[in-house]
Amino acid sequence: MSRASEIASESTGPTIVAGEILVEIMATEAGHGFLEPLKLMGPFPSGAPAIFIDQVAKLGGGAGIIACVGRDDFGAINLERLKRDGVDVSAVSVSARYPTGSAFVRYRPDGGRDFVYNIAESAAGRITLTDEARRLADGAGHLHVMGSALAIAGLKEIVAYALKAIRARGGSTSFDPNVRKELIDLGGGLFSALVDDADLLLPSGDELLAAAGVADEAQAVAALMARGVGEIVLKRGAAGSTRFGADGSRTDCPGFLVEEVDPTGAGDCFGATYLTCRRKGMQPEKALLYANAAGALNVTRRGPMEGLAGFEALDRFIAGADRAGADRAK
């Protein structure tokens with residue numbers, strides 16, 4: 001099958017994702033784990049693929065998701081959010097047997113997080129290549145995959161089908177490793193295959209080194225480009241981001257100075273914004289600016305999808321925000 005030389009425009013079809021839809025419930029006070037009774041807040045719609053695709057839709061991009069939720073309130077709030085924001089949920093199955101996946105999170109005093117997940121034994125872990133999933137993939141122009149979904153047994157068949165269909169339409173792919181280095185073998189070789197096939201790779205921090213199997217940033221970029229990756233956008237958190245092109249170009253974009261309330265979902269929001277901007281024809285510099293703004297704005301709200309924003313809100317944020325390592329935005 002042919003491979004796109006760059007990120008495909010929206011004229012080839014919508015962006016689709018496959019993976020977990022969850023609810024997130026969080027502790028209201030910092031601490032270590034859940035070893036004692038404590039106050040919780042939530043549920044919030046969540047799941048890395050769901051956050052990503054919802055942000056695509058918020059920006060006016062075509063968007064669809066292949067997933068599974070339970071026939072319960074947690075599934076209902078997720079589907080309502082996605083549908084409200086314009087995501088095609090026709091390929092989301094509803095299970096009468098398994099509950100919607102969940103993630104309980106507590107922030108440690110140092111800013112780290114402790115999670116208790118239920119994915120494997122929930123509806124989130126039961127995605128399959130249904131007729132609805134085939135139809136969604138057959139009309140898509142871009143496939144995005146999150147590393148967090150690699151442990152889901154049905155993902156490999158879905159990705160294989162979607163890749164073939166999307167490549168046949170002249171579409172493209174992107175991959176966010178979104179997984180700790182020690183978990184890279186999840187998916188039985190699928191991780192490496194997704195890296196090699198990516199027109200856009202969206203790692204955070206050390207995920208770049210892990211994906212390349214080397215310990216130096218410049219060497220990692222060179223190694224990944226040699227494997228066929230089209231472009232790499234490295235997420236640097238509060239410090240901003242860097243885009244590496246196949247032609248050897250490099251673009252650095254400083255981050256925004258904000259008060260962090262909840263970092264969950266910021267990277268997914270960043271990646272969705274960069275990809276959508278590029279699919280809409282924006283140059284990398286402008287796409288990075290919007291992506292940095294989207295990630296920064298998202299961390300100012302509690303709940304992984306509560307800070308998602310469209311272009312109008314992002315423009316207002318950029319106009320009034322401070323930049324890390326740069327003068328006040330004009």
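The crossing of helix 1 and helix 8 is right-handed, where right-handed means that the near helix is turned clockwise from the far one by less than a right angle, and left-handed that it is turned anticlockwise. What I am showing is a predicted model, in which local features need pLDDT of at least 70 and side-chain atom pairs count only at pLDDT 80 or more, while totals for chains, interfaces and linings use all residues. Residues are numbered from 1 along each chain as its sequence is written, and side-chain values use heavy atoms, with hydrogens and water left out.

Two packed helices are described by the angle between their axes and the distance between the axes. Helices (H or I, at least four residues) and strands (E, at least two) are DSSP runs, numbered from the N terminus, and axes are lines fitted to C-alpha atoms, for helices over the stretch in contact, with angles from 0 to 180 degrees between N-to-C directions. On the helix 1 side the contact (heavy atoms within 4.5 Å) includes Ile51 and Phe52, and on the helix 8 side it includes Ala272 and Leu275.

Let me turn to the second pair, helix 4 (residues 155-168) and helix 5 (residues 190-197), whose axes come within 12 Å and cross at roughly 20 degrees. These two helices are therefore roughly parallel to each other, and their crossing is left-handed. Leu155, Lys156, Val159, Leu163 and Arg167 in helix 4 meet Leu190, Leu194 and Asp197 in helix 5.

Some of these residues return around threonine 173, which lies in strand 9 (residues 172-176). Is threonine 173 buried or exposed? At 5% relative accessibility it counts as buried, buried being under 20% relative accessible area, exposed over 50% and partly exposed in between, with a 1.4 Å probe and protein chains only. Leaving aside neighbours within four places in sequence, threonine 173 is in contact with several residues, among them Leu163, Arg167 and Asp197. A polar atom of the threonine 173 side chain lies 3.0 Å from the backbone oxygen of aspartate 197.

Last, the peptide bond from glycine 42 to proline 43 is cis, with omega near 5 degrees, and proline 43 is found in strand 3 (residues 40-46).

Notes: A polar contact is a pair of N or O atoms within 3.5 Å; within protein, one must be able to donate a hydrogen and the other to accept it, and residues adjacent in sequence count only if both atoms are side-chain atoms. Angles under 35 degrees count as roughly parallel, over 145 as roughly antiparallel, 65 to 115 as roughly perpendicular and the rest as oblique.
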